[in-house]
Amino acid sequence: MDLVTFARTLACAILLVTPAAVPQAATAVEAGQPGRAPASSEPVWIAPAEPHPENPTNPLVRRLWGVYQGPQDQVWRPYTRSTGRTREALATIAERPRAKWYAKYLPDNRVRSTVTDYVANSQAGNPETLVQMAVFRMAPWEGEACKRPTTAKEAASYRTWIQELAAGIGSAHTLVVMQPDGPFLLCAPDRAVKSELLTWATQTLSALPNTSVYIDAGAADWCENGTAQESFRCAKILELSGIQYARGFALDSTHYTGPVENIDRGMEIIAELVADGYAAPHFIVDTAKSGRPTMWRDMVSATPKGLRNNARTCTGRTMTRCVTLGIPPTPRPADPQWGLPALQRQQAAQYVDGFVWFGRPWLFNQADPFVKSRALDMAASTPWTATGPR
């Protein structure tokens, strides 16, 4: 075994096996011992949450998570126009905090005003409220990123767009998921160019006074297209994207794996980064679509010969290989009601800043438009309520 492999193995063993030091009072709280206050049962969009004692610097706690209510959200208008049981079902999506994706469809000269409006609406007059968004602006990206480099004109536009985004965010408390589908960076013929742009964007947004950037690193079952899925490949995405400037990384933006698998992957990624000389970052996990955790290769499309991006929805609570809503947004992933096994619960308490809804399974192909039948299926089949299991 060479020294690099040994270092990675040792770091992984330490992170995966050794629980974080927990103050005695905190241990009693988590165990629900008599005389100790239990974790809040109020969802974070109703009442602010306190951090886990193991993660006192979590930037997502002690504030409400805002819910945008306006035309920039594909769900909001169908929700407000519905009535009765349909409206009640759609509320399981519409009334929960979600990340708004901004991409190249938004022209450079409209970014600042659009984001300013989104922030103001989401905060609803309370400047302490958390706003969430995903930056999907790199061009080309996804499959096209593997075929051609970013042009000089595209690079210049990217810089302008990010600067306008930063101006629109300003001092707002903001969670930013940087460039979902991160593994496409590894196939780019101009990896160095895209790396420089992404690192600059991460640094630019992280320099804002109240913005926390989480760089997309793939998923429990996805670190690089067409390869064995070793965690060092996920870590490489982060190193190429400026992880040293970010709060941490994000997992499962477009896949369907569950919180347990993603925590396992996240801990391995942290071990890789620590072995490479980086400080151990924190991470977030998308749970919008993991109510029935499924590996990408096992997911069934909604249509014959269709794409797994448009997975079939669960129409019953025992159906498998389908997508439904997972654990609701929370900055307290280690609370007992979420049912994590003991090891992953210990790790989540220290390293996972939150379960966040930055995936969008209620949209066609996880992109656009909103499909009401998908939303209704998932609202009916999800195993979770706002505060725990059904």
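Why is the disulfide of Cys-146 and Cys-187 left-handed? The torsion about its S-S bond is about -75°, and the disulfide is therefore left-handed.

## Basis of the report

This is a predicted model, in which local features need pLDDT of at least 70 and side-chain atom pairs count only at pLDDT 80 or more, while totals for chains, interfaces and linings use all residues. Residues are numbered from 1 along each chain as its sequence is written, and side-chain values use heavy atoms, with hydrogens and water left out.

## Overall architecture

The protein has eleven helices and seven strands; helices (H or I, at least four residues) and strands (E, at least two) are DSSP runs, numbered from the N terminus. Of its 390 residues, 55% count as buried. Here buried denotes under 20% relative accessible area, exposed over 50%, and partly exposed in between (1.4 Å probe, protein chains only).

The accessible surface comes to about 16,000 Å², and carbon and sulfur atoms hold 55% of that area. Accessible areas come from the Shrake-Rupley method with a 1.4 Å probe, and for residues only the protein chains shown count as cover. Among contacts (heavy atoms within 4.5 Å) with a separation of 6 or more, 76% are between residues 24 or more positions apart.

## Disulfides

Three disulfides are found in the whole structure, a disulfide being a pair of cysteine sulfur atoms within 2.5 Å. With bonded cysteines counted along the chain, the pattern is 1-2, 3-4, 5-6. In the pair named at the outset, Cys-146 and Cys-187 have an S to S distance of 1.9 Å. The bond links distant parts of the chain, 41 residues apart: Cys-146 is in the loop between strand E2 (131–136) and helix H6 (152–169), and Cys-187 is in the loop between strand E3 (174–178) and helix H7 (191–206). Cys-146 is partly exposed, at 32% relative accessible area, and Cys-187 is partly exposed, at 28%.

The sulfur atoms of Cys-223 and Cys-234 are 1.9 Å apart. Their S-S torsion is about -95°, so this disulfide is left-handed. Cys-223 is in the loop between strand E4 (211–216) and helix H8 (231–240), and Cys-234 is in helix H8, eleven residues apart. Cys-314 and Cys-322 are joined with an S to S distance of 2.0 Å, and the torsion of about 95° makes that disulfide right-handed. Cys-223 and Cys-234 are both buried, as are both Cys-314 and Cys-322.

Helix H7 has 16 residues, and its first and last C-alpha atoms are 22 Å apart, close to the 22 Å expected at 1.5 Å a residue. The expected span is 1.5 Å times one less than the number of residues. The buried residues of H7 include Lys-194, Trp-200 and Leu-205, and the buried set packs against E2, H6, E3, E4 and H8.

Gly-277 follows H9 and has a positive phi, near 95°.

## Cavities and pockets

On a 1 Å grid over the protein atoms alone, a cavity is a set of points where a 1.4 Å probe fits but cannot get out; a pocket is an open set with protein on both sides within 12 Å along at least five of seven lines, and lining residues have an atom within 4 Å of a point. Grid points are joined across faces, edges and corners, and a volume is the space filled by probe spheres set on the points.

There are three cavities of 30 Å³ or more, and the largest cavity has a volume of about 180 Å³. It is lined by 19 residues, of which Asp-73, Gln-74, Arg-98, Ala-99 and Lys-100 are the closest to its centre. The largest pocket holds about 440 Å³ of space. Of its 20 lining residues, Ala-103, Phe-136, Glu-142, Arg-360 and Ala-367 lie nearest the centre. Strand E1 (residues 100–103) gives the most to this lining, with four residues.

## Backbone exceptions

Most residues other than glycine have a negative phi, and most peptide bonds are trans. The bond from Ala-139 to Pro-140 is cis, with omega near -5°, and Pro-140 is in the loop between E2 and H6. Asp-368 and Pro-369 are also joined by a cis peptide bond, with omega about 0°; Pro-369 is in the loop between strand E7 (352–356) and helix H11 (372–381).

Gln-179 has a positive phi, near 55°, and is in the loop between E3 and H7. Gln-179 is buried, at 2% relative accessibility. Lys-305 has a positive phi of about 60°, in the loop between strand E6 (282–286) and helix H10 (342–351). Lys-305 is exposed, with a relative accessible area of 89%.
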